[in-house]
Amino acid sequence: MSLARLAELYGVATSYSPAPGTTVRASDKAVTAALAALGVDAGTPDAVRDALAAREAETASRLLPPTVVWWLEGPAPEWLKGLPEGTRLSLEARSEAQNWSYPPGSDDTPREPPAGVHTLTARTPDGATATAHLIAAPRKAPLPPERTHGLLVQSYSLLSRRSWGMGDLADLADLASWSARTHGTGFLQVNPLHAAVPAGPGMGTDPSPYRPSSRRFPDPVHLRIEDIPEYAYVPSLADEAARLRDAVLRDEDGLIDRDAVWALKRRALEAVHAVPLTPGRRAAYWDFLAAQGTALEDHATYCALAEVHGPDHRAWPAALQDPRSPETAHARRELMDRVDFHSWLAWLTDTQLLATQRTALDAGMPVGLVHDLAVGVHPGGADAWAQRDVFAQGMSVGAPPDAFNARGQDWGLPPWRPDRLAETGYAPFRGLLRNLMRYAGAVRIDHVMGLFRLWWIPEGEEPTEGTYVHYDAEAMLAVLLLEASRSHTYLIGEDLGTVEPGVRERLREGGVMGTSVLWFERNYPPDGDGSPVPAEEWRTDCVATATTHDLPSTAARLSGDDVRLRERLALSTASPAEAAAEVADWLALFARLGLLPRGCQDDEEEAVRAVHRFLRRTPARLVGVWLPDLVGDRRPQNLPGTWAEYPNWRLPVADATGRPVTLEEVTASPRAHALLQVFTETTETAETAEAAEREVPLTDPPTDPPDARAV
């Protein structure tokens with residue numbers, strides 16, 4: 001009982017529920033390891049007893065926890081009511097200083113603090129004092145003012161005829177402009193563009209955008225080199241860039257080689273960096289350096305040290321593993337040219353990201369770019385080095401065993417320590433959100449349940465040997481809603497899979513939209529019969545889609561290619577008969593609703609359009625179209641559970657035959673136009689029903705522009 005009580009006081013779970021009505025006990029070993037990562041010795045009964053006594057005494061004696069939350073335009077917070085009578089409070093806010101007592105007298109009524117993060121000091125009549133961070137936040141994030149549809153794209157996968165071997169920010173801007181002006185799209189959701197861990201000797205860059213070096217800064221590999229003004233003054237590398245591009249596009253088995261792309265871009269950038277900035281651009285760069293401060297200096301220092309000592313800071317000389325050591329300060333001075341180079345790269349990328357969002361908004365998008373926030377970072381990367389005190393050492397984030405994965409999952413990402421976050425007023429979380437929201441119309445939060453709890457796994461152990469560690473969800477949400485309101489950024493939470501009771505409801509209260517995928521929207525037993533959820537019963541506050549980057553494309557699911565691929569790779573999967581029955585169930589529903597013309601159940605393109613007509617019928621605020629669905633691509637971008645067996649995160653967008661296609665070809669594709677026209681069909685139900693009776697399509701494909709290659 002003592003260990004369980006100690007764990008409870010530190011937010012460490014001793015059991016979890018993988019399914020309703022089922023409880024699994026965490027091992028004492030897992031609980032003890034999690035406590036150790038939080039700086040608590042629970043290795044022996046005596047240690048547990050001493051730690052418990054210390055924690056209980058600390059909790060009983062403190063006036064305030066390290067961080068408190070004040071939800072604006074609502075009742076007074078509970079922590080305020082719990083202070084001793086006559087306690088005086090003073091608030092240091094940016095705009096003003098406030099003083100009051102609680103409970104208030106007739107002439108001393110507490111006022112709400114201004115929105116922001118402030119320093120709060122409490123003084124009791126007997127002279128006790130305490131200081132805390134106060135997060136004053138709105139109760140709800142902004143929501144899109146109108147329903148809209150948009151595209152979901154893995155940016156690297158969509159090359160144009162001007163790309164250097166992978167899609168870049170100019171390609172994203174062009175896609176946003178074309179789709180908004182031609183088909184009225186309202187947003188463009190992209191994969192995380194976070195900085196990747198650099199390649200090292202004998203080791204390439206991890207292509208997964210979900211295991212970055214840093215979530216605080218973007219990766220310069222996404223730059224369009226020709227859009228840098230100083231590039232005009234250096235020798236062109238266009239011929240070499242064309243060879244990289246052709247290697248991907250001219251071969252059905254061509255893969256995106258991120259390392260080769262970066263090697264060429266880096267050569268160009270080294271030359272461009274030698275070109276002096278104009279006075280105006282130099283002033284803009286200096287402003288960026290001043291605004292980013294220590295965070296950028298740390299990031300650039302890591303990048304410079306990685307060039308000398310390798311990309312994993314855990315293998316560096318011991319003194320350099322501490323970002324605040326005298327040796328690190330000396331190394332930074334010695335490498336100042338390289339530190340400046342990497343700071344300059346961050347500025348260039350930030351500038352092009354801002355320009356991409358401006359292009360999307362100028363084209364009429366009400367949202368623009370939806371940036372993806374990965375759940376964590378690589379343990380050997382920049383953030384884990386620069387913010388080492390905030391990360392739980394010796395721990396990795398993952399997922400417990402469930403019905404879909406009996407062994408659980410280990411994502412190889414170190415978790416934040418909830419106690420250290422609270423001590424800093426959640427400064428690390430605030431900083432990365434503020435940077436990401438600079439150039440985002442919306443932010444998608446991967447595994448949004450991580451705001452509430454994460455599955456911690458001790459290094460070297462199986463995922464089954466982990467346990468949940470809880471975070472202060474109210475504080476995490478307060479930071480999220482505060483930064484979203486300041487920047488008027490919409491919020492989307494990836495809340496697929498097993499979700500703790502109450503989490504979706506709390507997120508919805510805060511204005512955080514969820515994610516709903518068509519194939520998962522069924523009335524599951526024991527309360528349902530397994531039938532598809534009717535369109536009108538879908539939730540409103542969500543992004544409704546047919547698929548995600550971890551799931552098969554719509555064409556692959558309809559054709560059964562997804563099952564055949566998993567069978568070929570010996571991965572667990574539904575049987576072909578089960579998968580076909582599920583698809584047939586949905587197609588029958590579409591036909592009954594008049595969304596699929598009579599006799600077209602075997603017409604793949606019509607079936608894909610029917611899927612999206614159904615999504616349009618839901619009340620979802622946002623409807624996302626997986627860009628590969630525009631051209632019938634059958635290959636998943638990522639196949640969970642594989643590594644060398646499948647080229648995850650390296651495939652270009654391809655047509656139904658597997659031939660890679662360019663951005664220009666996608667925009668000229670009759671199939672793409674026909675799918676996007678689903679969202680501009682008027683009086684949808686009547687027209688599609690009439691078309692089903694007449695067995696004719698509603699629209700003709702667009703006329704191909706000159707020299708366009710149809711997809």
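# Exercises on a predicted model

At 62% relative accessibility, Arg568 counts as exposed. The model used in these exercises is a predicted one.

**Exercise 1.** Decide whether Arg568, Tyr426 and Trp649 are buried or exposed, and say where each of them is found.

*Solution.* Begin with the cut-offs, by which a residue is buried under 20% relative accessible area and exposed over 50%. Arg568, which is found in helix 17 (residues 561-568), has a relative accessibility of 62% and therefore counts as exposed. Tyr426 is found in the loop between helix 12 (418-423) and helix 13 (427-437), and because its relative accessibility is 2%, Tyr426 counts as buried. Trp649 lies in the loop between strand 21 and helix 20, and with a relative accessibility of 9% Trp649 also counts as buried.

**Exercise 2.** Describe helix 19, beginning with its span and going on to its burial and its start.

*Solution.* Helix 19 covers residues 604-617, and its 14 residues reach 20 Å from the first C-alpha to the last, close to the 20 Å expected at 1.5 Å a residue. Finally, look at the start of the helix, where a side-chain oxygen of Asp603 comes to within 3.2 Å of the backbone nitrogen of Glu605.

**Exercise 3.** Work out how helix 18 and helix 19 are oriented to each other, and which residues meet between them.

*Solution.* The axes of helix 18 (residues 576-592) and helix 19 come within 10 Å and cross at roughly 70 degrees. Because of this angle, helix 18 is roughly perpendicular to helix 19. On the side of helix 18, the residues in contact are Trp586, Leu587, Leu589 and Phe590, and they meet Ala607, Ala610, Val611 and Phe614 of helix 19. Sorted by class, this contact holds 8 nonpolar residues, with no polar and no charged ones.

**Exercise 4.** Locate Arg635 and state which backbone oxygen its side chain reaches.

*Solution.* Arg635 lies in the loop between strand 21 (622-626) and helix 20 (663-667). From there, its side chain reaches the backbone oxygen of Pro652 at 3.0 Å. Leaving aside neighbours within four places in sequence, the contacts of Arg635 include Glu252, Tyr646 and Gly658.

How values were computed:
Residues numbered from 1 in each chain as written. Predicted model: local features only at pLDDT ≥ 70, side-chain atom pairs only at ≥ 80, totals over all residues. Heavy atoms only, no water. Helix = DSSP H or I, 4+ residues; strand = E, 2+ residues; numbered from the N terminus. Expected span 1.5 Å × (residues − 1). Buried < 20%, exposed > 50% of the residue type's maximum accessible area, 1.4 Å probe, protein only. Polar contact = N/O pair within 3.5 Å; in protein donor to acceptor, adjacent residues only side chain to side chain. Axes fitted to C-alpha atoms, helices over the stretch in contact; angles between N-to-C directions. Parallel < 35°, antiparallel > 145°, perpendicular 65-115°, else oblique. Contact = heavy atoms within 4.5 Å. Nonpolar A, V, L, I, M, F, W, Y, C, P; charged D, E, K, R; others polar.
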